[in-house]
Amino acid sequence: MPDRYAVIGNPVAHSKSPEIHAAFANQTGQDMVYERIRGSDDRFEHQVREFLTHGGRGLNVTVPFKERACQLATELSDRAKDAGAVNTLIVTREGELRGDNSDGIGLLRDLSRNHHITLTGSRILLLGAGGASRGVMRHLLDQGPELLVIANRTVDKARLLARQLATPAKVEGCGLADLAGQTFDLIVNGTSAGLNGGIPDIPRNILTPGGSTYDMMYADKPTDFVRWGKSQGARNALDGLGMLVEQAAESFYLWRGVRPFTQPVIAMLRAPTE
Ligand code: ATR
């Protein structure tokens, strides 16, 4: 019988994870199936245990259950602890439920390997102070930027996050309006503003000429933040499709010990559907 995996979240109907993992399994010859589970607010923990009891070897966890998955895991990786959120659950050989988080490495690999964007010595702006930002900020800092600014609509949350990051690097937390007059080489959108069709209310002219923008969200057509990036003259105005595939590849590696090629899968998902 093939090993079972799944993504659990709500909504989950449009998740591309089953397609991505099927492509990885095909490419690497792994005998596995990957399903979709619509998570329930009342029964999330029960649903996870039930899946594992019935032969599940691992799960991807998505909105809004990443924090609950963190509580459910019996052991946590450092990156899951840092993010306070789990997007990958793994049944270990010893039968423990290990929680990990591959979002940060997913963003980093997309930026550096797929788009050749150098973060060392750069000025980075991270918009938003919720789960998406928490999942990636440590990875951005590990690249040795000159400065990381976390800006949020609710200023206190950004300040708190910046303070919590124990790092010798220069990190600041501020409000969106405080960004006026500053410039950044890379602007990453970790807010959920795009869900309601919009972008955070940020000043114009804060992107360095030749700088890049990155929306951690992905949609079939350019997101509002991608369009904003283009309007600001970004060298790269990227969406989160590459991050989605790269975080999936890391989860796949955690489960199967095999690293799939990501480029063909990104290209497959990018191809226009008839
Ligand atoms: P997630 O886990 O997806 O990051 P979250 O924890 O609810 O979700 O965080 C959403 C983030 O998007 C927050 O930083 C939120 O700002 P507030 O802390 O002020 O609520 C930000 N956000 C959502 N809608 C926004 C909007 N229209 N403009 C600016 N920021 C927005």
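# A walk through the pockets, cores and loops

Start by selecting Y218, A219, D220, L269 and R270: of the 22 residues lining the second largest pocket, these lie nearest its centre. Keep in mind as you click around that this is a predicted model. Now colour the elements that give two or more residues to that lining, namely α8 (224-231), β12 (236-238), α9 (241-256) and α10 (263-270). The largest share, three residues, comes from α10. The space in the second largest pocket is about 360 Å³. If you colour its lining by class, you get 11 nonpolar, three polar and eight charged residues.

Next, switch to colouring by domain. The assignment for the protein chain gives domain 1 as 3-101 + 243-270 and domain 2 as 104-239. Select the contact between them and you pick up 15 residues from domain 1 and 18 residues from domain 2. Go back to the second largest pocket with these colours on: its lining draws at least three residues from each of domain 1 and domain 2.

Now for the cavity. How many cavities of 30 Å³ or more does the count give? The count comes to one, and the largest cavity holds about 30 Å³ of space. To find it, select R79, D82, A83, R134, G135, R138 and H139, which line the largest cavity. Two helices, α4 (78-83) and α6, each supply at least two of the lining residues, and α6 has the largest share with four. By class, the lining of this cavity has one nonpolar, two polar and four charged residues. Here too, domain 1 and domain 2 each provide at least three lining residues.

The largest nonpolar core has 25 residues, and L126, L140, L148, I150 and Y214 touch the most other members. Elements giving two or more residues to this core are α5 (103-114), β7 (123-127), α6 (131-142), β8 (147-152), α7 (155-164) and β10 (184-189). The biggest contributor is α6, with four residues. Centre the view on L140 and show its neighbours: leaving out residues up to four places away in sequence, L140 touches L107, L111, L119, I124, L126, P145 and L148. Then select Y5, V12, A23 and F252, which are among the 19 residues of a second, separate core. As background, nonpolar side chains tend to be buried together in soluble globular proteins.

On to the backbone. Zoom in on N10 and P11, which are joined by a cis peptide bond with omega about 10°. P11 is in the loop between β1 (3-9) and α1 (17-28). Another cis bond runs from V63 to P64, with omega near 5°. For P64, look in the loop between β3 (56-61) and α3 (66-72).

Last stops: two loop residues with positive phi. H116 is not a glycine, yet its phi is near 55°. You will find H116 in the loop between α5 and β7. Is H116 buried or exposed? With 62% relative accessibility, over the 50% cut-off, H116 counts as exposed. Finish at N205, also a residue other than glycine, with a positive phi near 60°. N205 lies in the loop between β10 and β11 (207-215), and N205 is exposed, at a relative accessible area of 62%.

Terms used:
Residues numbered from 1 in each chain as written. Predicted model: local features only at pLDDT ≥ 70, side-chain atom pairs only at ≥ 80, totals over all residues. Heavy atoms only, no water. 1 Å grid on protein atoms, 1.4 Å probe; cavity = no way out; pocket = protein on both sides within 12 Å on 5 of 7 lines; lining within 4 Å. Points joined across faces, edges and corners; volume = space filled by probe spheres on them. Nonpolar A, V, L, I, M, F, W, Y, C, P; charged D, E, K, R; others polar. Domains from an automatic or database assignment. Core = buried A, V, L, I, M, F, W, Y, C linked by side-chain atoms within 4.5 Å. Buried < 20%, exposed > 50% of the residue type's maximum accessible area, 1.4 Å probe, protein only. Contact = heavy atoms within 4.5 Å.
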